[in-house]
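Dear colleague,

Please find below the structure that I am handing over to you, followed by an account of what was found in it.

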Amino acid sequence: MKWLISANAKMYNHVKAFDEFGYIDWRQKAKYEVGDIVYIYATKPYMKVMFKTIVEKVGMSSEEITDDKKFWYDTEEYESSLSGKYARLRLIERVDSEKLSLYELKENGLKAAPQGPMKVKEQLEVYLESNFNDYYSDGVFPEEVSETLEEGHRRTVTVNKYERSSIARQKCIEEHGLNCAVCNMNFEEVYGEIGKGFIHVHHIVPLHEIGGSYKVDYKRDLVPVCPNCHAMLHRKSNEVNLSISELKKIVKS
């Protein structure tokens, strides 16, 4: 069974809870079964479906759940929530995409913003499944292309989904802003509304050097850059990629 539930972002910090535990113990207000998929719609200011989870446990008492008090913004709400039964929702994927905004969802099978738990009907299920991904068609993390390979072939790079996800992009932008770290270009200032929110995000640590155990730090390892500067950062000078500071010197000169 597929479900859609809502999460009040002003009451509880779902992102940080998932980051720490990998799951959330949720008040069980529907007849979930282990293995059910539960999509979570984040209310204002997001107004998007942002989480895809799987039901791992059901019928848990308040004594069995994980202590997550530090993630509650409202202590009274936390205290009142400690009753009834809980289900453990294990995070599968997390994205931040306009394709999963309330407007787009209402165009594809959702009648209104979800309040309580609701079963996902076929049209909406197909839409959610087809859009709950990070394909980076807008150049969020464009793949490196080896100049020695034939046109159309790309180097395969395997990294953790979170590290290449729209959430990592969002955190990078929250930390560093939307101006290019090299030339300081801001797309909205230059192109107006069509450029609003647009920027590439560059891995300072090259993707091909990331091993299976590497954890990307969005503050240190990711930086916003315009497409031109991004392309230059991936070109080699004397067989070495330029750093942000080195490319800055070139632009200034």
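Contact, as used in this message, means heavy atoms within 4.5 Å. Helices (H or I, at least four residues) and strands (E, at least two) are DSSP runs, numbered from the N terminus. This is a predicted model, in which local features need pLDDT of at least 70 and side-chain atom pairs count only at pLDDT 80 or more, while totals for chains, interfaces and linings use all residues. Residues are numbered from 1 along each chain as its sequence is written, and side-chain values use heavy atoms, with hydrogens and water left out.

The sheet is open and has 6 strands in the order E2-E5-E4-E3-E1-E6, with mixed pairing (two strands pair if DSSP finds at least two bridges between them). E2 and strand E6 (118-119) are its edge strands, each pairing on one side only. E3 and E4 run antiparallel and are joined by 6 bridges; Tyr-39 has Lys-52 in E4 as its bridge partner.

Helix H4 (residues 122-131) lies across E1, E3 and E4, at about 75 degrees to E1 (axes are lines fitted to C-alpha atoms, for helices over the stretch in contact, and angles run from 0 to 180 degrees between N-to-C directions). Its buried residues are Leu-124, Tyr-127, Leu-128 and Asn-131, where buried means under 20% relative accessible area and exposed over 50%, with partly exposed in between (1.4 Å probe, protein chains only). Seen down the axis of H4, these residues fall within an arc of 95 degrees, so they line one face of the helix; the arc is that of the directions from the helix axis to the C-beta atoms. They pack against E1, E3, E4 and helix H3 (102-106). Glu-122 and Val-126, on the other side of H4, are exposed.

A nonpolar core is a set of buried Ala, Val, Leu, Ile, Met, Phe, Trp, Tyr and Cys residues joined through side-chain atoms within 4.5 Å. The largest one has 21 residues, of which Ile-5, Trp-26, Tyr-32, Val-38, Ile-40 and Leu-89 touch the most other members. Another core, of 15 residues, lies apart from it and includes Tyr-39, Tyr-41, Val-95 and Phe-132.

Finally, Thr-66 lies in the loop between E4 and helix H2 (75-81). Not counting residues up to four places away in sequence, Thr-66 touches Phe-21, Tyr-23, Asp-25 and Arg-88. Thr-66 and Phe-21 are 45 residues apart in sequence, with a C-alpha to C-alpha distance of 8.8 Å.

With kind regards
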